[in-house]
Amino acid sequence: MSEASAEQLLIESVQRGDERAWRDLISRYQGRLASFARRMLADRDEAEDLVQDTFIGLLRSLPTFDGSRSIETYLFAILRHKLHDHFRRQRGKRVSIDGLEANEADEIGVSESGPDDAAITRESLDAQRAALVGLLRDWVERCQIERRFQELVVVEMLVVLGMRNKEVAADLDLTETAIAGVKFRVVEQWRKRALALALPEFGEADLARESSIGRVWRDEGVSCLKRSTLGKYLLGALDEDWTRYVEFHADVAGCTRCRANLDDLREEERADAKWRDAFREKCFASSVGFLSKVEH
């Protein structure tokens with residue numbers, strides 16, 4: 001069974017009010033969420049409180065949960081939103097985490113209430129966004145399968161880091177002409193696929209951090225690595241090309257989600273089983289009351 005299918009079965013069980021499935025879901029994601037929150041907060045207890053709130057947020061939003069979205073992506077989006085609110089209350093100002101402003105929560109589909117008129121009117125936009133995410137993820141996967149890592153790195157530097165052609169060329173020891181060629185090829189590949197999906201046409205300006213594609217790429221973790229791949233990286237079981245790409249994505253592009261997964265995998269090696277079990281039960285106890293309120 002694929003990871004996506006397993007996730008779908010798990011979320012469907014939770015939607016039916018299955019407490020065992022809910023405990024399993026918490027166990028699966030608690031470590032990586034806690035690692036992410038601890039990177040942002042000095043106080044460990046505050047970080048863990050926000051993770052508990054994140055699981056409650058997932059339960060409250062289950063009636064409108066988009067099954068095409070990965071649970072991990074959705075949980076990290078909720079957690080980032082809660083971190084925004086936490087810092088805003090503490091400092092009384094707008095803050096940005098991973099390039100996402102606090103008042104953009106609705107735009108990324110993070111909602112903890114039931115269906116409303118605004119959600120209904122956004123239905124077509126949500127479908128368009130889902131198609132765009134699928135297009136981008138398919139392209140990333142093809143790059144990885146065909147080992148076009150340099151092309152993928154160039155696009156991440158443009159879209160995620162917001163670098164200019166000249167800067168990318170200097171960092172990768174390439175010519176600006178070579179970078180322009182990559183941009184042209186990528187846009188053409190995306191444009192052809194977009195036409196088939198009835199999406200708006202792409203232009204080279206869309207390969208920029210401030211573009212809508214840049215926002216979607218970051219929000220949805222388009223190039224985030226599978227946890228199994230990160231595990232192989234830690235074991236030294238990846239070849240040189242893959243290893244270099246993982247290090248670029250996590251350390252240079254600074255993917256906080258993948259870094260949180262790496263932290264969690266390292267923590268698993270240290271095997272603090274007592275903390276994991278205790279924290280799982282703490283999250284479960286604080287949220288299980290909301291499970292019975294899920295509209296089945």
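**Aromatic pairs and helix packing**

In this predicted model, the count of aromatic pairs comes to 12, where rings of Phe, Tyr and Trp (its six-membered ring) pair if their centres lie within 6.5 Å. Planes under 30 degrees apart count as stacked, over 60 as edge-to-face and the rest as tilted. F65 and Y74 form an edge-to-face pair, with 5.0 Å from centre to centre and 80° between the planes. F65 is buried at a relative accessible area of 11%, and Y74 is buried at 3%; buried means under 20% relative accessible area, exposed over 50%, and partly exposed in between, for a 1.4 Å probe and protein chains only.

The rings of W275 and F279 have planes at 20° and centres 5.0 Å apart, so this pair is stacked. W275 and F279 both belong to helix α14 (residues 273-291), and because they are four residues apart there, about one helical turn separates them. Helices (H or I, at least four residues) and strands (E, at least two) are DSSP runs, numbered from the N terminus. W275 has a relative accessible area of 16% and is buried; F279, at 2%, is buried. Ring pairs also link W139, W190, F202 and W217 into a cluster. A charged side chain is placed against a ring as well: R23 lies over the face of F284, 3.9 Å from the ring centre. A charge sits over a ring if NZ of Lys or CZ of Arg is within 6 Å of the ring centre and within 35 degrees of the ring normal.

Residues are numbered from 1 along each chain as its sequence is written, and side-chain values use heavy atoms, with hydrogens and water left out. Local features need pLDDT of at least 70 and side-chain atom pairs count only at pLDDT 80 or more, whereas totals for chains, interfaces and linings use all residues.

Helix α7 (residues 149-159) packs against helix α9 (residues 176-196) at an angle of about 90°, with the axes 10 Å apart. Axes are lines fitted to C-alpha atoms, for helices over the stretch in contact, and angles run from 0 to 180 degrees between N-to-C directions. The angle makes α7 roughly perpendicular to α9 (65 to 115 degrees; under 35 counts as roughly parallel, over 145 as roughly antiparallel and the rest as oblique). On the α7 side, E151, V154, V155 and L158 meet residues of α9 including I179, V182 and W190; contact means heavy atoms within 4.5 Å. The residues of this contact divide into seven nonpolar, one polar and three charged. Ala, Val, Leu, Ile, Met, Phe, Trp, Tyr, Cys and Pro count as nonpolar, Asp, Glu, Lys and Arg as charged, and the others, Gly among them, as polar.

α7 also packs against helix α10 (residues 212-220), at about 110° and with the axes 10 Å apart; α7 and α10 are therefore roughly perpendicular to each other. Here L152, V155, E156 and V159 in α7 meet I213, G214, W217 and R218 in α10. This contact comprises five nonpolar, one polar and two charged residues.

V160 is placed in the loop between α7 and α8 (165-172) and is buried at 12% relative accessibility. Among the residues that V160 touches are V155, W217 and R218. V160 and R215 are 55 residues apart in sequence, with their C-alpha atoms 8.4 Å apart in space.

R32, in helix α2 (residues 19-40), is buried at a relative accessible area of 7%. The contacts of R32 include E72, R227 and D264.

Terms used
Lists of a residue's contacts leave out its neighbours within four places in sequence.
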